[in-house]
Amino acid sequence: MKATRTSSTSPAPTRRPVWPPGLLPVVLPAMLLAALLSGCSAVPWIGGEKDPTPPTPIDKKLTQEVSPRVLWKTRIGKGTRERQLRLIPVLADGKLFAADPAGRVVAVSPADGRVLWEYKTERKARIPFSGGPAVADGTLVVGSSNGDLLALSSRDGTLKWRIRLGSEILAVPLIVNDLVVVHTIDDSVYGIALADGSERWRYDYPAPVLTLRGSSTPAEADGGVIVGLAGGRLLYLELEQGMPVWELTITPPRGRSELDRIADIDADPVVVGNIAYVATYNGDLAAVDIAAGMILWRRELSAHAGLTADGSALYVTDSEDNLWAAEPTDGAGLWRQEGLLHRRLTAPALSGNALVVGDIDGYLHLVSRRDGRMLGYTRVAKDRIGHRPVVANGIVYIYANDGTLAAVRINAAAGDQAGDQAPAAAAASATQD
């Protein structure tokens, strides 16, 4: 697939699909249900109506410049059962950690997927894990749909403490020094002592009437934390007492209906130096000066899966599942890859000179960071890969919605060559917007 090279104007994908005549009365309730229950990741089409935005078929004729190879796969549970959760594996202390929504946390060997230890909650008191895990200083923390927050020993899985917060935990907790920062689905932010689980502070924010089902993970920034909220708001809290330093509106809600006015920040903010980059659903991609609490630039682009950055560009998965590269200085578009449209992509991860994204059918796709062309793909699972892959030492780790945990090796030499030496024909044939 060729990438579309953009001009210096802002990325501006279509905000919403155009519904065929007569379909809106059927679609609207389904869209509301999707927004509330699945973060708009999929629309449950009913009444025999066709999905107006079907996933783009995989290009089986693609000449693969990079050939991903699955090293190992294992199953650690029955999966999410179509629920939109934030269960993302984490690599720390020489182990790969993952949590299952049926109440299981495992540590596996990154080399071969062998289970090193597991923690299982009792069947009659099963904890439906939904956010995490995060690991630091020998402690693993993970949240649940019931608002439970647990801390385990990362060495052997021994329970250290357990507390109950006021709402569902769908964001991955953030560990900063001796504090666990937790963002719950009702837009409350908690500061919890890592040592014993005691609450040090709590910041409550009133959520709009209708929001996406999800919440962004806080990002550490210059002695505080950046938190994306429903309603297009970005918050900066200091860590000592959880007091707000500043609060900004990235995208104000707009439109006649509550559905039109959804402008949530579900994509995790990305901090590079003194700048926070953030994207809103139904809204904008923006850069914020953290010290000044000021928006530096803002470009129209709807996103909720996420974004990432390197020294030369921002990379974003938009709400239509286009992949974008943009200038970090002003948000101007560099290229756009449209070959994976509506494949329910994850946020992109960086691996060498490639971007790695997962999709609705369990495929991993590799895209050139330099010009956005497709480099290769492989199928890792039979179900959706719901969240950004984890990359370390040339290995990509994924956790699919069917409970598949897998490791995939990227051919580093081929990836470097593909990223640094784009074929002249591909560069010449890229269209200009």
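The legends below describe close-up views of a predicted model.

Residues are numbered from 1 along each chain as its sequence is written. In this predicted model, local features need pLDDT of at least 70 and side-chain atom pairs count only at pLDDT 80 or more, while totals for chains, interfaces and linings use all residues, and side-chain values rest on heavy atoms, with hydrogens and water left out.

View 1. The average pLDDT (the predictor's confidence in each residue, from 0 to 100) is 83 for the protein, and 79% of the residues score at least 70. Over residues 7-47 the pLDDT stays under 50, and the model has 81 contacts for this segment beyond four places in sequence. A contact means heavy atoms within 4.5 Å. Where pLDDT is low, predicted coordinates should not be read in detail.

**View 2. The open sheet β4-β5-β6-β7.** This sheet has 4 strands in that order, with antiparallel pairing. Its edge strands, each pairing on one side only, are β4 (90-92) and β7 (115-120). From one strand to the next the twist averages 20 degrees; axes are lines fitted to C-alpha atoms, for helices over the stretch in contact, and angles run from 0 to 180 degrees between N-to-C directions. Strands are DSSP runs (E, at least two residues), as helices are (H or I, at least four), numbered from the N terminus, and two strands pair if DSSP finds at least two bridges between them. Strand β5 (residues 95-100) is joined to strand β6 (residues 104-108) by 5 bridges in the antiparallel sense. Ala99 stands opposite Val105 in β6.

**View 3. The open sheet β12-β13-β14-β15.** Here 4 strands follow one another in the order given, and the pairing is antiparallel. Antiparallel β12 and β13 (residues 179-183) are joined by 3 bridges, and Ile175 has Val180 in β13 as its bridge partner.

**View 4. The hairpin of β14 and β15.** Strand β14 (residues 188-193) runs antiparallel to β15, and 5 bridges join them. Ile192 stands opposite Glu199 in β15. The hairpin has 5 residues between its two strands, and Gly197 in the turn has a positive phi of about 80 degrees.

**View 5. The second largest pocket.** The volume of this pocket is about 320 Å³. Its lining comprises 15 residues, of which Lys78, Asp100, Ala102, Gly103 and Arg126 lie nearest the centre. By class, 3 of the lining residues are nonpolar, 4 polar and 8 charged. Ala, Val, Leu, Ile, Met, Phe, Trp, Tyr, Cys and Pro count as nonpolar, Asp, Glu, Lys and Arg as charged, and the others, Gly among them, as polar. On a 1 Å grid over the protein atoms alone, a pocket is an open set of points with protein on both sides within 12 Å along at least five of seven lines, a cavity is a set where a 1.4 Å probe fits but cannot get out, and lining residues have an atom within 4 Å of a point. Grid points are joined across faces, edges and corners, and a volume is the space filled by probe spheres set on the points.

**View 6. The largest cavity.** The model has 5 cavities of 30 Å³ or more, and the largest cavity holds about 90 Å³ of space. Its lining residues include Thr80, Arg83, Gln84, His387, Tyr399 and Asn401. The lining divides into 4 nonpolar, 5 polar and 1 charged.

**View 7. Two backbone details.** The peptide bond from Gly132 to Pro133 is cis, with omega near 0 degrees, and Pro133 lies in strand β8 (residues 129-136). Asn282 has a positive phi of about 65 degrees although it is not a glycine; this residue is in the loop between β21 (275-279) and β22 (284-289).
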